[in-house]
Amino acid sequence: MPRTKEQNEQIRARTKQLIIDKALALFSEKGFAATTVDDIAGSAGISKGLIYNYFDSKEAILDTIWSEVYKIAETIDAELKNLKSPYDKIRYFINFTFDFLVKNENFWKLYVSIALQPNMLKKTEHITFEISRKMMPKAFEIFKEAGFKNPAEEAYFFSTSLDGIALNYFFDKKNFPLDKMHKFLLDYYSEKSIRKRNRN
């Protein structure tokens, strides 16, 4: 019995996601430059030609992976709209970041490797710039609502602190105190702590 249109679409979606997942794992472990389309095909258990039915190049696969950042930003944005207090918004962002860090290690490894390679940054800067343009003004507003005298500087400090934690965690997962850093940031950015600092 021939497959229905819906079944064919499901198969295509599963195959495309398989390619993305295998490519992400290889990019994060071997590096983007060292990974070939043949590597991805071998890991996925499919032919190289089949990959080209879905993606023109491994750069196109990377673009698709990096575009997932849009979905992350949309998830965060939607949740922030449901929260009234700026302190709750900051707490949510901290918890989301640490949870995502643990559950999506391959993505973070790729993120870190791209951040450390200027030639790789050029391949993804169009997406990174768009996300930053969308999210940073929202962060400025949240820190302004929380009463910080310099909300833009505080937002950048907050963002780079999270990036630094991710970087150090993947450099030394065995010894890095991830849970303690999570608690430290929650305490540091608690309503009580923020109000106390803003009074000084």
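1. Start with Asp77. At 10% relative accessibility, Asp77 counts as buried. The cut-offs are these: buried is under 20% relative accessible area, exposed is over 50%, and partly exposed is in between (1.4 Å probe, protein chains only).

2. A word on the basis. This is a predicted model, in which local features need pLDDT of at least 70 and side-chain atom pairs count only at pLDDT 80 or more, while totals for chains, interfaces and linings use all residues. Residues are numbered from 1 along each chain as its sequence is written, and side-chain values use heavy atoms, with hydrogens and water left out.

3. Next, the salt bridges. Side chains of opposite charge can pair when their charged atoms come close. A salt bridge here is a side-chain nitrogen of Lys or Arg within 4 Å of a carboxyl oxygen of Asp or Glu. The structure holds 10 of these salt bridges.

4. Which residue forms a salt bridge with Asp77? Lys138 does, and the closest N and O atoms are 3.4 Å apart. Lys138 lies in helix 7 (residues 118-145) and Asp77 in helix 4 (residues 58-81), so the pair ties together parts that are 61 residues apart in sequence. Helices are DSSP runs (H or I, at least four residues), numbered from the N terminus. Lys138 is partly exposed, at 31%. Asp77 and Lys138 also belong to a network of salt bridges with Lys81.

5. Lys89 and Glu145 form another salt bridge (3.9 Å, N to O). The pair links distant parts of the chain: Lys89 is in helix 5 (residues 86-103), Glu145 is in helix 7, and they are 56 residues apart. Lys89 is buried, at 14% relative accessibility. Glu145 is partly exposed, at 38%.

6. Lys48 and Asp38 also meet in a salt bridge (3.8 Å, N to O). Lys48 sits in helix 3 (residues 48-51) and Asp38 in helix 2 (residues 37-44), 10 residues apart. Lys48 is partly exposed, at 36%. Asp38 is partly exposed too, at 46%.

7. Now the packing. How do helix 4 and helix 5 pack? Their angle is about 150°, with the axes 10 Å apart. Axes are lines fitted to C-alpha atoms, for helices over the stretch in contact, and angles run from 0 to 180 degrees between N-to-C directions. Helix 4 and helix 5 are therefore roughly antiparallel, a label for angles over 145 degrees.

8. Which residues make this contact (heavy atoms within 4.5 Å)? Helix 4 gives Ile72, Thr75, Ile76, Glu79 and Leu80. Helix 5 gives Lys89, Tyr92, Phe93, Phe96 and Phe100.

Notes. Helices (H or I, at least four residues) and strands (E, at least two) are DSSP runs, numbered from the N terminus. Angles under 35 degrees count as roughly parallel, over 145 as roughly antiparallel, 65 to 115 as roughly perpendicular and the rest as oblique. Contact means heavy atoms within 4.5 Å.
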